[in-house]
Amino acid sequence: MNLPQHIWLAVCWIIFGALHTILASDSIKNLMQSVMQKNFKFYRLGYSIIATLMITYILVLNFSIESVLLWQPFIIEKIVSVIAGVAGLSVMLICMRKYFFDLSGVNVFFRQVSVDKLQVNGLNKYVRHPLYSSTLLFAWSFFFWQPLLSNLISCISILVYTLIGIYFEEQKLVKTFGEDYKEYAAKVPMIIPGLV
C-alpha cells in the first residue's frame, strides 16, 4: 500500500471540492462578471473545463494507486453493487442529458437562453437533487463492489463534497425561488426518496 499516494488522493479531493465551491459562489461570479464583462458568458464553460480536468486527474490517480482491499466482498454484495451502480449511472446520465447545456456552459455557443425555472417534474418529483443522489449511489456501489482504501477515500470525499454542495445550492434555490422552493422542499426529500 502506498500511503503518500492515498494522502495525496484525499488532498486532491479537498482541493477539488474547495475550488469547485469557491468558483460557484455568487461573490466570485460577481467579481468575475465585473472583470470579464461581456466575456462573462464563457465563465460557466471555463468552470466546467477546469472541473472536468481536475476530476479526470483525480479518477486516474484513484485507479492507478496500489491500494489495499479492505475485505473480500461476497458474490451477493457484488451482484447488488452492480445493480445499484447501473441504476445510479443510468439516473446520472438522464440528469446530465437534461441539464447538460446549462450545467456545462456549452449553451453559450447557441442562441438558446436558459430561463431559471423551478424543476419539480420527472425525477425531481422524488428527490430535489437527483444528480447528487445518483452520483452517491454509483460511487458507493462501486466501493462495495471493489472495497479498496482508495475507493473509500473517494467515496467519503464525494459524500462530504455533495453534502456541502447541497447546503450552498439549497441557499441559492431559496434565494432564487423563495417560498415556492420552500414549499417544494417541505414536500420532496433532498437526496433519498422517502427519507432525506
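Reader: Which residues line the largest cavity?

Author: Keep in mind that this is a predicted model. A search of the whole structure turns up one cavity of 30 Å³ or more, and the largest cavity has a volume of about 40 Å³. Its lining is made up of Phe16, Leu19, His20, Leu23, Tyr47, Ile50, Ala51 and Met54.

Reader: Which elements give two or more residues to the lining of the largest cavity?

Author: Among the lining residues are Phe16 and Leu19, and also Tyr47 and Ile50. The elements giving two or more residues are helix H1 (3-24) and H3.

Reader: How many residues of that lining are nonpolar, polar or charged?

Author: His20 is one of the lining residues, and so is Leu23. Sorted by type, the lining of the largest cavity has one polar residue, no charged ones and seven nonpolar.

Reader: What distance should helix H3 span, and how far apart are its end C-alpha atoms?

Author: Helix H3 covers residues 43-64, which is 22 residues. At 1.5 Å a residue, the helix should span 32 Å. That agrees with the model, where the end C-alpha atoms are 32 Å apart.

Reader: Is Thr162 buried or exposed?

Author: Thr162 sits in helix H6 (residues 149-177). A residue needs under 20% relative accessible area to be called buried. Thr162 has 3% relative accessibility, so it counts as buried.

Reader: Which residues is Thr162 in contact with, leaving aside neighbours within four places in sequence?

Author: Thr162 belongs to helix H6. With those sequence neighbours set aside, the contacts of Thr162 are Tyr132 and Leu136.

Terms used
Residues numbered from 1 in each chain as written. Predicted model: local features only at pLDDT ≥ 70, side-chain atom pairs only at ≥ 80, totals over all residues. Heavy atoms only, no water. Helix = DSSP H or I, 4+ residues; strand = E, 2+ residues; numbered from the N terminus. Expected span 1.5 Å × (residues − 1). 1 Å grid on protein atoms, 1.4 Å probe; cavity = no way out; pocket = protein on both sides within 12 Å on 5 of 7 lines; lining within 4 Å. Points joined across faces, edges and corners; volume = space filled by probe spheres on them. Nonpolar A, V, L, I, M, F, W, Y, C, P; charged D, E, K, R; others polar. Buried < 20%, exposed > 50% of the residue type's maximum accessible area, 1.4 Å probe, protein only. Contact = heavy atoms within 4.5 Å.
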